[in-house]
Amino acid sequence: MLAALVTVVLWASAFVGIRSAGHELSAGPLALARLAVAAVVLGLVVLFRRERLPVRSDLPAIALCGALWFAAYNVLLNAGERRVDAGTAAMVVNIGPILIAVLAGKLLKEGFPRPLLVGAAIAFGGTTVIGLATSTGDRSSTYGVLLCVLAAITYAGGVVVQKPLLTRVSALQVTWLACTVGFLLCLPYAPVLWRELGHASGGAIGWAVYLGALPTAVAFTTWAYALAHTTAGRMGTTTYLVPPLVILLSWLLLGESPPILALAGGVLCLVGVAVTRRRR
């Protein structure tokens, strides 16, 4: 539970970082910068710990996880949030935990326990309320919504691929290797990143480093550790804590006062996640 909480807090802070850095770094280059920092940080930790590498038979699944969740998800989400307002993005991307529950129930044989289904429905309702309360309605586009849907699909697929690996490979190794795969797949954005870094402010560069070091290197590792100790469906629903945390961080760091309706949605998210943690 502690690892899951670390994950959702850092992922919530990433919302602020992406929004800030995204003014100067476009979607692909920002993803590349974030993954480059994370790959280096995780690589140093792996080198220090001297962990044994996974067996060859696990490498294709790790590569698929990296392609779906670290490369595709980051680029799609960054691009989607440049075309739709934050409220719309929150509503669309948060179909991801529902997809995880469905895929894990079928493919990983986790089943469909009633508390998971009821809690996910309540939490998704809370996310929808937050989205409606914070949506500006002036930048929404069909293309942007499609990008967010694709981001949710790649997120769900990455988690379902990752879960079985964690029975054989450590959370650190899976995260580092998948992150490295994502970095390699994003290398075509290197020329654009180099050009944009030449004009970017210190703040934007600082946010990119932060996104790589903490919300990626640390949070994805704590996510994998927590995922190894619970079901994919239950773990996926913990990410419904991210929207209310984003509201809190935006209030504290950016001075953005949340609408009352958004606060009510945050309460629903908390209730929904609490329901999913109950036993059958």
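Which residue's side chain does the side chain of Glu 196 meet in a polar contact of 2.7 Å? To find out in this predicted model, select Glu 196, which lies in helix 9, the helix that spans residues 190-197, and then display Ser 26, whose side chain is the partner in that 2.7 Å polar contact.

Keep Glu 196 selected and bring up its surroundings: leaving out residues up to four places away in sequence, Glu 196 touches Glu 24, Leu 25, Ser 26 and Pro 29. Although Glu 196 is buried, it has no salt bridge, and the nearest side chain of opposite charge, that of Arg 195, is 5.9 Å away, whereas a salt bridge would need a separation within 4 Å.

Next, go to helix 7, residues 142-165, and select Thr 154. Thr 154 has a relative accessibility of 11% and therefore counts as buried. Its side chain reaches the backbone oxygen of Ala 151 at a distance of 2.8 Å. If you then show the contacts of Thr 154 while setting aside its neighbours within four places in sequence, you will find Leu 68, Trp 69, Ala 72, Tyr 73 and Leu 76.

Finish at Arg 50, which is placed in the loop between helix 2 (27-49) and helix 3 (59-81). Is Arg 50 buried or exposed? Arg 50 counts as exposed because its relative accessibility is 75%. Look also at the backbone here, since Arg 50 has a positive phi of about 55° although it is not a glycine; most residues other than glycine have a negative phi.

Technical notes:
Residues are numbered from 1 along each chain as its sequence is written. This is a predicted model: local features need pLDDT of at least 70, side-chain atom pairs count only at pLDDT 80 or more; totals for chains, interfaces and linings use all residues. Side-chain values use heavy atoms; hydrogens and water are left out. Helices (H or I, at least four residues) and strands (E, at least two) are DSSP runs, numbered from the N terminus. Buried means under 20% relative accessible area, exposed over 50%, partly exposed in between (1.4 Å probe, protein chains only). Lys and Arg count as positive and Asp and Glu as negative; His and the chain ends are not counted. A polar contact is a pair of N or O atoms within 3.5 Å; within protein, one must be able to donate a hydrogen and the other to accept it, and residues adjacent in sequence count only if both atoms are side-chain atoms. Contact means heavy atoms within 4.5 Å.
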